[in-house]
Amino acid sequence: MDGDNISLVLRKKNELCLEKRKIPEPGSHEALIAMSCVGICGSDVHFWKDGRLGDFIVEKPMVLGHESSGTVIKVGENVKHLKPGDRVCIEPGIGCGRCDLCRKGKYNICPEERFCATPPTDGTLCRYFCHDADFCYKLPDHVTLEEGALTEPLCVAVYSCRRAGVTAGQYVLICGAGPIGLTTILACKAMGVSKICITDINENRLKVAKSLGASSTICVKDLEISDVVKEVERQLGSLPDRTIECSGAQSGVSLGLKATAPGGLLMLVGIGLCDIKIPIIEATVREVDVRGSLRYANCYPAALELIASGAVDMKPLITHKFSLEESEKAFEIAHSGTAIKVMIYCEKDCQY
């Protein structure tokens with residue numbers, strides 16, 4: 001075991017650096033993990049460039065990263081289901097386990113939830129990381145560590161589809177063709193959705209969306225929302241039963257409210273400004289339900305099974321690869337908008 005726990009630290013807004021930290025010792029219910037793969041999430045980029053995401057504000061140095069996998073090297077005395085050598089993916093959010101929400105299984109909205117790389121909790125972009133063993137999931141032998149890391153964004157899609165009541169035979173509109181929007185295509189296809197229309201301002205991302213199984217795509221750059229609604233209806237053959245908004249943009253939420261069929265549902269996944277102006281009357285007069293979706297809960301086993309069974313192939317989403325030492329360059333690429341999913345490899349002298 002390397003004596004240095006090299007970690008990517010966000011010192012403050014726009015300032016990233018690599019620091020040598022102590023290798024942590026696992027508690028009685030924890031596992032010490034040699035980190036392997038960590039994907040860069042949009043939230044990581046927001047914290048770096050804006051110093052905040054919604055109500056989450058960076059007030060002290062924080063290790064970034066939460067889409068992660070690695071190999072167990074040590075476990076606490078009360079851990080029975082894992083052993084050194086096991087390859088695992090890491091569910092990054094842990095509720096208090098005591099409140100009513102946690103007892104109902106809604107630990108993702110527990111007021112005391114600790115989530116990796118969300119202030120003030122450190123993330124996983126480091127050589128070694130300790131985590132609650134109950135939130136570490138052993139990877140089947142044929143599932144790669146890269147796929148293990150990508151289980152996290154797939155969970156976001158699976159959870160939002162569950163909350164939206166996505167079922168076989170439906171028509172779905174997805175707003176935003178970033179990594180979560182693209183992953184939502186895969187989740188919808190696995191759940192039997194008949195037609196999927198996806199919108200974005202980036203033609204290249206829409207091409208990727210088409211290759212992943214979207215029935216139709218619409219570049220909404222410079223288009224009026226009313227025209228987009230007409231095009232959605234034309235391409236799907238009717239207005240969508242469900243709209244999953246993944247961009248967090250005001251225009252995306254407005255489109256979702258206007259384009260969803262009467263009696264349908266708009267699921268809000270993307271996080272943008274805290275306050276936005278939207279045509280809420282559309283929800284009232286056409287009885288469009290609006291639901292929020294924060295990350296996920298109780299989705300890791302299902303998401304991992306989708307990957308393991310071959311029902312979902314996440315590997316095509318990886319467009320760029322970097323070592324931990326190249327993290328700043330990796331973040332620049334992620335911020336540029338030219339990448340889909342940037343993967344960082346944390347092992348020393350790794351060959352990716």
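## A strand and its arginine

Strands here are DSSP runs of at least two residues, numbered from the N terminus. With that in mind, let's begin at Arg-242, which sits in strand S16 (residues 242-245). Please remember throughout that this is a predicted model.

Is Arg-242 buried or exposed, and what is the nearest side chain of opposite charge? Arg-242 is buried and has no salt bridge; Asp-241, the nearest side chain of opposite charge, is 5.7 Å away.

## A buried proline

Next comes Pro-92, found in the loop between strand S8 (87-90) and strand S9 (93-94). Pro-92 has a relative accessible area of 1%, and it counts as buried because the cut-off is under 20%.

Which residues surround Pro-92, leaving aside its neighbours within four places in sequence? Its contacts include the histidines His-66 and His-131, along with Arg-114, Phe-115, Cys-116 and Glu-152. Tyr-296 and Tyr-300 are also in contact with Pro-92. From C-alpha to C-alpha, Pro-92 and Phe-135 are 7.5 Å apart in space, although 43 residues separate them in sequence.

## Two helices, two kinds of burial

Helix H7 (residues 250-259) is largely enclosed by the rest of the structure, because seven of its ten residues are buried. Those buried residues are Gly-252, Val-253, Ser-254, Leu-255, Gly-256, Leu-257 and Ala-259.

In helix H10 (residues 327-336), the buried residues are Ser-327, Ala-330 and Phe-331. They lie on the same side of H10, because they cover an arc of only 95° around the axis. An α-helix has 3.6 residues a turn, so residues three or four places apart point the same way. The packing partners of the buried H10 residues are strands S1 (5-12), S2 (15-21), S19 (318-323) and S20 (341-345), together with helix H1 (42-50).

Leu-273, Ile-276, Ile-278 and Ile-280 make a nonpolar surface patch of about 350 Å². One of these, Ile-280, belongs to the loop between strand S17 (265-268) and helix H8 (281-285). Ile-280 has a relative accessible area of 48%, which makes it partly exposed.

Note on methods:
Residues are numbered from 1 along each chain as its sequence is written. This is a predicted model: local features need pLDDT of at least 70, side-chain atom pairs count only at pLDDT 80 or more; totals for chains, interfaces and linings use all residues. Side-chain values use heavy atoms; hydrogens and water are left out. Helices (H or I, at least four residues) and strands (E, at least two) are DSSP runs, numbered from the N terminus. Buried means under 20% relative accessible area, exposed over 50%, partly exposed in between (1.4 Å probe, protein chains only). Lys and Arg count as positive and Asp and Glu as negative; His and the chain ends are not counted. A salt bridge is a side-chain nitrogen of Lys or Arg within 4 Å of a carboxyl oxygen of Asp or Glu. Patches are made of residues with over 30% relative accessible area and no salt bridge: like charges are joined within 9 Å, nonpolar side chains (Val, Leu, Ile, Met, Phe, Trp, Tyr) within 5 Å. Accessible areas come from the Shrake-Rupley method with a 1.4 Å probe; for residues, only the protein chains shown count as cover. The arc is that of the directions from the helix axis to the C-beta atoms. Contact means heavy atoms within 4.5 Å.
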